[in-house]
Amino acid sequence: MGEFLNDWGLSIPTFLPIIGAAVMLLIPKDREHLHKLIALATTVAVAVFGLLLLIQFIDNDNYGALNFVVDKGWIDVIDSRYIMGVDGISLPLMLLTMLIVPLCVIYSWNHFPEPHNPKAFLMLLLILETGMIGTFAAQDLILFFVFFEVVLLPMYFMIGVWGGENRRYAAIKFFLFTLFGSALMLVSFLALYFLADASTFDMRLLPEAAAGIAKSSQVWVFGGMFLGFGIKVPMFPFHTWLPDAHTEAPTVGSVILAAVLLKLGTYGFVRIAIPILPEAAAEWAPFIGLLAVIGIIYGALGCLAQRDLKRLVAFSSVAHMGFVMLGIATLTDFGINAAVFGMVAHGLITGMLFFLAGSVKERYHTLDMSRLGGLLVQAPRMGWILGFCAMASLGLPGLAGFWGEFPAILASYNPAEVLAEETFRSYMVIAALGTVLAAGYLLWMLQKTAFGTPREEFANDPHVHDATVSEYLAWAPLLILILVLGVYPHLLFGATDPAVVNSLNDCLDSVTSGACFDAAAGK
Amino acid sequence: MLSANIAAAETAGKAVAASGWFLENAWLIWLFPAVSFLLILLFGKRFPRGGSEIGITAVGASFVFGLLTAIQWISKVEGAGGGGAEGEYALGAGGMAAAAEGEASGGVGALTRSITWLTNGAEAIGAGIMIDGLAVMMIFVVTVVSLLVHIYSTDYVAGDRRYTHFFAFLSLFTASMLFFVTASTTIQMLVGWELVGVCSFVLIGHWWEEKDNSDAALKAFFTNRVGDMGIIIGVSILFFGAGTFDVIGVNEAAINGSMSHTVTLAAALCLTAAVISKSGQFFLHTWLPDAMAGPTPVSALIHAATMVVAGIFMVARLYGVFFEGYAIGGSSINTLALIGGLTTLVGATLAFVQNDIKRVLAYSTVSQLGYMVLALGVGAWTAALFHLFTHAFFKACLFLGSGSVSHAVHSFDMKKDMGGLRKVMPHTYRTFMIGTVALAGLPILSGFWSKDEILVGTGGWGLFGGTGGNGAYTVMLAMGMITAALTGAYMTRVVYLTFFGEFRGHGTPHESGPRITVPLWILGGLAVVAGFINFPAGFQLVPASWEEKFLQWVEPVGVSYFPSIAHATPSWTLAIVSVIVALIGIGAAYYYYFIKVRAVSPVATELPDGPTSRSAVARLGHQILVNKYYLDWLYTTVIVGFVKGPLAKAAYWTNQNVIDRVVNEAGTRSVQAGNIVYHKVDQLVVDGIVNATGKISDSSGEELRRIQTGKVQQYAAIMFAAATILAGIFIIVI
């Protein structure tokens, strides 16, 4: 079993969904039930495979290094290879993806958004899954880029076809924004290839090979990646595609977008930008930190101004991803561990919140919070789940959100030695203020939607009922994980920490930092 | 098992420490109610008593375990004291990483045990228990009050629409509070700190159908969040200052100076902000009176006896940081002492103008918490915790008494719906009187002993004899004295309005049932005797071995993680003066209500020509008090209103009309540019390229066309043109 997994463990779950999609392509559109079953079987198979990977990963007991590495020739002309592998940073995110997608299939089982068409919808979902899993597994920049882009198109169609009233605008905005960023990202990847000592796209070799690049060039190359990843995160001021995309996207689209797609950006920083270009990262870090804390406050203020529940959750993503980016910007093991934890936690929590927003919309046909109220009366269990998720989202200790937020704040008190302490300590205070505002918007949201008594227009509405079986099935794993990770964070930190320590280039290691950067400055 | 342990304690001192099973497994104490929370939530409704029996069983188990833990602790301390120079007193056989750390200088150190909670930079960050006198004292207080409140609630909230849910959250609160007080790391304390906050939020908003209640719940949560910023930052500072989250390590670093004074002071200030919000100190106390919107048992448990003293506990736990940071030994007025002093006065003055009996008690709690903070600020550590201990019982007794009253008259309004209840509610009346006398600080009830110790601890005014301590905090002594008079006065007012005169409400009130009166009597009994646990040294009226038991059991002495604080010498003069002061307050109020007001009419509540109608100054003062020093207006209307209204709207406006506009403009212009390129350049000039692009677009657009409307090429053109233009913009901008 171990041998098999080591050779095929990553390729099979990556491409299984696309095979499933291909099978579905051959089946007529009107056999909806069969389509659903195939999609479910495929995604569950992938999830089971993910579980096997996890078991084997724990058994290998080498969290810091890449596991299940496959290294085969691919595009020899440009020295791009098919390299896959996961370590403690990527595995949690990959497993998150493998978990979320089947839950999305289950959730949409009986209610596909208009214009219905489960075949096309589920095919897109499967293609998305291939792209997302592949991105987390790829260890070659070109391969990474391909998977990164594979994600784009299905999401574009998902928003553009199954979205709300303003879907065209939102879809194109999403597409163009991201594409613009990835174009620059690709330029940066190419620049790395040409500038580094070894002509390679191998992410395992690049940290060493790129060390010789002149600092000024490094800063530019990092800049390209910054835009590529930063737009995906999204960081202030490149975030404006996010509220529109989320508001217009169908529920499942929003969930995937929040749970996984945003993480592709932050993952890019952690996996690619910082390990390969640490000196440039140190140059950029104060700026990234600044944008992160602006995002935290700005996202929170944006939330406070919302009347639309879904748009509020979307803006809260801006704020939460600000915490993740702040953690990354500290360039410390603590900060990056927090960031990875924050990514997973945000995926679970905000994913849940979008599920809930979708279910509220389905029942009330509106997300206008001034018209909602009394959810706890009409659908008590859903109301409590909403309250639970709001608490998790505002970073309540004991739930997952806290372990992304608090260590990020903590780390910014003492950033990597090359960074200015004063700057980051100011960021820390601002970020801490963000936690107050987060409590503000989430609790007001809760008060407006869940507390009180139902409005007259919905008081006797038979559509308003408590959570259904498919909803429970889709939500339970997320809710359990939010609690379990919150109570025992070592489950995740234990996996990420060795990998984070390994990925932090020696240049950022607090012990040797002085020497390395002095040497670089001396050049 | 219990008797076996005690027996062992008496015979072989050292062996007991090794067999301190309950000490080592004290985490069970919070685990019981935590499990109970889940059980009640999942299965509570299926139980005949709606899950309350699960909660009571769990808290009862915690109480028993807590008591056994306390007994083991005491036997350990006594053993160490009796054994003389047992410098290297061993704790357990092994497996306690930090156990030996704390007792370098010969005292009985805390027992700690931990597991890896998270890992960072290959270093494990632990979570565990830290059991010492302070922890066992808190466990006792929390479990006793919680157990009684559970029993009381089975009657008080009987028939409530969310009965099961209520008990579930009582359990969760108890678990969180116990987790907090047994925490061995600052990060755990932070976790417990916020968890009790959220339980408080849920329970204040228990009847969330009414907006007033959910508003009060939100207010409590926000105000606490503001303070939580302080604890988040403070814990971070301490972590990097001391290099650890361990409570013992942090205290040691502060005391032995390995953490610089500036860092210690910064951390102390940040943590003080958290104390101000959580423990209802001036100027963030405003949430506490509003929190009375919650059910009364909740007010007794959370907003009087336990959660609000979390701040006191935190200061006591990290006393090394505060003592060194504020240089408490140096007599200079420090932040803690000042805030505590102001709070006692603010709380006591505001208690005068309330008509809601629970609000009076809430302000009274604010005032008493101020006493505790003041005591910590002047270095009277034991006095603060002793007052915490006694206050928990008499204030819980008063709150539950007010609940019993409201249960009978269906209202909390003293002026409209109460009066003359002493005849119909004898048990409630008697226990309430015990609580009142204890609160007013009259001998020989518990409040007298603890309040007196605080006043002595200020070390002010040498003329009373005694003094010593950590310096002469005369201002604090004066503040404490004034509050003593005010306390007696406002409580006399409450007693008159509630129990004397004639009944002003509707219906026929009657005494509550045994599930309410029995807890009242138990708390009343504790309010009488709790003070006897710490007779002052040299008291002479009791055997010397009865003196200062509390101090001996709770205060860590001779350990490296606790600063060496000086103790003030008790003074008969000061005790007598403080009692006289309290009696003056009581006498003044007695004269006003029991004689003057009653003379007007048995149902009167104020004099028709009271001071406010005669004096403009009194009217102004009354106005200020009624408006609660305008703090609520400042917070709710000015600050929150600004952030939620103009500021948030402005930010969103910027988002839509500035940032997004750039994007949209870029998009629109790109379309135009794309059209120009497409029609003028592309179609006319580079025909060959067009054909090539066309083919590619066509083939890739096959799928797209089926679903979409076949505008692939336009989109593609827009896309690339927009990318180019956006790239241009960003290059210029950056």
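Student: Where in chain B is His410(B) found?
Tutor: This is a predicted model, in which local features need pLDDT of at least 70 and side-chain atom pairs count only at pLDDT 80 or more, while totals for chains, interfaces and linings use all residues. Residues are numbered from 1 along each chain as its sequence is written, and chains are lettered from A and ligands numbered from 1 in the order in which they are written. Helices (H or I, at least four residues) and strands (E, at least two) are DSSP runs, numbered from the N terminus. His410(B) sits in the loop between α18 (381-409) and α19 (414-417) of chain B.

Student: Is His410(B) buried or exposed?
Tutor: Count the other C-beta atoms within 10 Å of its own, with C-beta atoms placed from the backbone: 20 or more means buried, 12 or fewer exposed, and in between partly exposed. His410(B) has 11 such neighbours, so the residue counts as exposed.

Student: What is the phi of His410(B)?
Tutor: His410(B) is not a glycine.

Student: Which class does Val577(B) fall in, buried, exposed or partly exposed?
Tutor: Val577(B) belongs to helix α25 (residues 572-600) of chain B. There are 17 other C-beta atoms within 10 Å, so Val577(B) is partly exposed.

Student: How many of the residues of α6(B) are buried?
Tutor: Helix α6 (residues 133-156) of chain B has 24 residues. The helix is largely enclosed by the rest of the structure, because the buried count is 22 of the 24.

Student: How far apart are the end C-alpha atoms of α6(B)?
Tutor: The expected span of a helix is 1.5 Å times one less than its number of residues. For the 24 residues of α6(B), that should give 34 Å. The model agrees, because the end C-alpha atoms are apart by 34 Å.

Student: How many bridges join β1(B) and β2(B)?
Tutor: Two strands pair if DSSP finds at least two bridges between them. One bridge links Asn120(B) with Glu123(B) in β2(B). β1(B) and β2(B), residues 123-131, run in the antiparallel sense, and their bridges number 9.

Student: How many residues of β1(B) are buried?
Tutor: Strand β1 of chain B covers residues 111-120. The strand is largely enclosed by the rest of the structure, because its buried residues number 8 of the 10.

Student: Which residue stands opposite Val70(A) in β2(A)?
Tutor: Strands β1 (residues 67-75) and β2 (residues 80-86) of chain A pair in the antiparallel sense over 6 bridges. They form a hairpin with 4 residues between them. Opposite Val70(A) stands Met84(A).

Student: What is the angle between α13(B) and α17(B)?
Tutor: Axes are lines fitted to C-alpha atoms, for helices over the stretch in contact, and angles run from 0 to 180 degrees between N-to-C directions. Angles under 35 degrees count as roughly parallel, over 145 as roughly antiparallel, 65 to 115 as roughly perpendicular and the rest as oblique. α13(B) and α17(B) are therefore roughly parallel to each other. Their axes lie 11 Å apart, and the angle is about 10°.

Student: How are α10(A) and α12(A) oriented, roughly parallel or roughly antiparallel?
Tutor: The axes of α10(A) and helix α12 (residues 251-276) of chain A come within 6 Å and cross at roughly 155°. That makes the two helices roughly antiparallel.

Student: Which residues is Asp244(A) in contact with, leaving aside neighbours within four places in sequence?
Tutor: Two residues are in contact if their C-beta atoms, placed from the backbone, lie within 7 Å. Asp244(A) lies in helix α11 (residues 241-248) of chain A. With 25 C-beta neighbours inside 10 Å, Asp244(A) counts as buried. Its contacts are Tyr169(A), Ala170(A) and Lys173(A).

Student: What is omega for the peptide bond from Val233(A) to Pro234(A)?
Tutor: Pro234(A) lies in the loop between α10 and α11 of chain A. The bond is cis, with omega near -10°.

Student: How many residues does α19(A) give to the side of chain A that touches chain B?
Tutor: The contact takes 53 residues from chain A and 51 residues from chain B. α19(A) gives the most to that side of chain A, and its number is 10.

Student: How many residues of that side of chain A are nonpolar?
Tutor: Ala, Val, Leu, Ile, Met, Phe, Trp, Tyr, Cys and Pro count as nonpolar, Asp, Glu, Lys and Arg as charged, and the others, Gly among them, as polar. On the side of chain A that touches chain B, 14 are polar and 3 charged, and the nonpolar ones number 36.
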